[in-house]
Structure formats: C-alpha cells, structure tokens
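Open the model in your viewer and get ready to select residues by number. We will go from stop to stop.

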Amino acid sequence: IAAALLAWSLRGEAKYALVAGTPQDLGDLRLWTPGSTSVNTYAQGTTKLLGTQGAIKYGRPAEGDSFRLAPVAGNEKLWVEIRVPEGFEGPRFIPPSSFAGRLVPFSEAGLRHQSLRGAVKDRTGVAIPDDAWILIDGSSPRASRWALALVLLFAGFAVFNVVGVARLLMRVKDDAPAPAEVRE
C-alpha cells in the first residue's frame, strides 16, 4: 500500500518528465493568468521584480542548496521557487529576472512543495491564494526523470507485493491420491 501511495504521489513529476520540446514562452510574468497554460508545462518567463510580501527562504534535508519562494510582483497568482547554490546565499544575493522550469498549480506541485503554503502562512502571515501557481525555476523535464524511475520502482514493488499476497492466500491443490484406509 505504501509503495502504491508513493507512486501515486509522484505521478505529476513523472508526467512532467515526459514533456518534450522547448519551454513555452510566457513573456512578462506579471501579465500571466492561470488557465492560459496547461498543468505541468515547461515554461519560461521574465519579470523585473519578485515580491517580498510572503517571500520565504528554506532548505531541504540532504541538500546543500537553499531555496527561495516569492510571488511575482504585480501577480499574486504566480509564485517562483529559486534554487540558490550553496555558498551564494547571503545579503548580496540578487534573484534573476528570467525563469524557466515546471509550471504547475500549487495544489498539484507534489510532495516536495506540499508544505510551502503552510510555511508561508506561518512565517509571514501571507496566505497563498487557492488558485495560485508555482514556477519551479531550473526544473527541466530531463532533470525530473528521477521521478519517473521512482514511480516505476514503487509500482513494481506494489505489483510484486500484490502477487505475493495473492499467492500466499490461494488455496493449495493437493494432487496426491488420498491414502488408502487400513483395516485390521
């Protein structure tokens, strides 16, 4: 059950790994509106400024890089996650103005982004709108192939376990003849 649930939870990232082609150009991110793009799109866009209201910095276990999540200034429906390489974090960090990566609604972003809404609300008091989207900068379909491999691995575990349990629960047929009765 756990393997099947993990495979299911990674299905969005695995589906994104199968996207082909070049990023869809969104133009100025301040002007982008939800619904003009499909879910799990490889997209690129520019903005002159990211907002500071609700922006947070965070890390992930087993990763040296840190991450920043910020809304696009002038567009509360679009947030951008930026990976900051280890050693480049600090007071002089200047975020880029051009972004390319996975564009997905927050509600479908997956396990790695599941707790971001709560973190933003807890740390800053700003609520991310229910229909907000996130542009995960630097996340190309090719870089997301790990999710496809994990989904296949977890699905394999789930099938193996279902077959194993079914074989354990199946009634055993005994083809040997019944022993003859002994009379005395």
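Helices here are DSSP runs of H or I with at least four residues. This is a predicted model.

**Stop 1: helix α3.** Select residues 116-124, which form helix α3. Which of its residues are buried? They are L116, A119 and V120. Look down the axis of α3: these buried residues fall within an arc of 100 degrees, so they line one face of the helix. In an α-helix there are 3.6 residues a turn, so residues three or four places apart point the same way. Now show what the buried residues of α3 pack against: β3 (56-59), β4, β5 (75-84) and β7 (133-137). Then step to G125, which follows α3. The phi of G125 is positive, near 80 degrees.

**Stop 2: strands β4 and β5.** Select residues 66-72 for strand β4. In which sense do β4 and β5 pair? They are antiparallel, over seven bridges. Pick A70 and find V80, its bridge partner in β5. Next, go to the hairpin of β4 and β5, with two residues between the strands. There G74 takes a positive phi near 95 degrees.

**Stop 3: S66.** Click S66 in strand β4. Is S66 buried or exposed? Its relative accessibility is 13%, so S66 counts as buried, because buried means under 20%. Leaving aside neighbours within four places in sequence, S66 is in contact with Y58, I82, R83, V84 and E89.

**Stop 4: β5 and β7.** β5 and β7 pair in the parallel sense, over four bridges. Find W79, which stands opposite I134 in β7.

**Stop 5: aromatic rings.** How many aromatic pairs does a search of the whole structure find? There are three. Show W32 and W133: their ring centres are 5.3 Å apart and their planes at 70 degrees, so the pair is edge-to-face. This pair links distant parts of the chain. W32 is in the loop between β1 (24-28) and β2 (41-46), W133 is in strand β7, and they are 101 residues apart. Both W32 and W133 are buried.

Now show Y58 and F67. Their ring centres are 5.7 Å apart with planes at 20 degrees, so this pair is stacked. Y58 is buried, at 10% relative accessible area. F67 is buried too, at 2% relative accessibility.

**Stop 6: charges over rings.** The charged end of R60 sits over the ring of F67, 4.2 Å from its centre. Finish at R11, whose charged end sits over the ring of W8, 4.0 Å from the centre.

How values were computed: Residues numbered from 1 in each chain as written. Predicted model: local features only at pLDDT ≥ 70, side-chain atom pairs only at ≥ 80, totals over all residues. Heavy atoms only, no water. Buried < 20%, exposed > 50% of the residue type's maximum accessible area, 1.4 Å probe, protein only. Contact = heavy atoms within 4.5 Å. Arc of directions from axis to C-beta. Pairing = 2+ DSSP bridges. Phe/Tyr/Trp six-rings, centres within 6.5 Å; stacked < 30°, edge-to-face > 60°. Lys NZ or Arg CZ within 6 Å of the ring centre and 35° of its normal.
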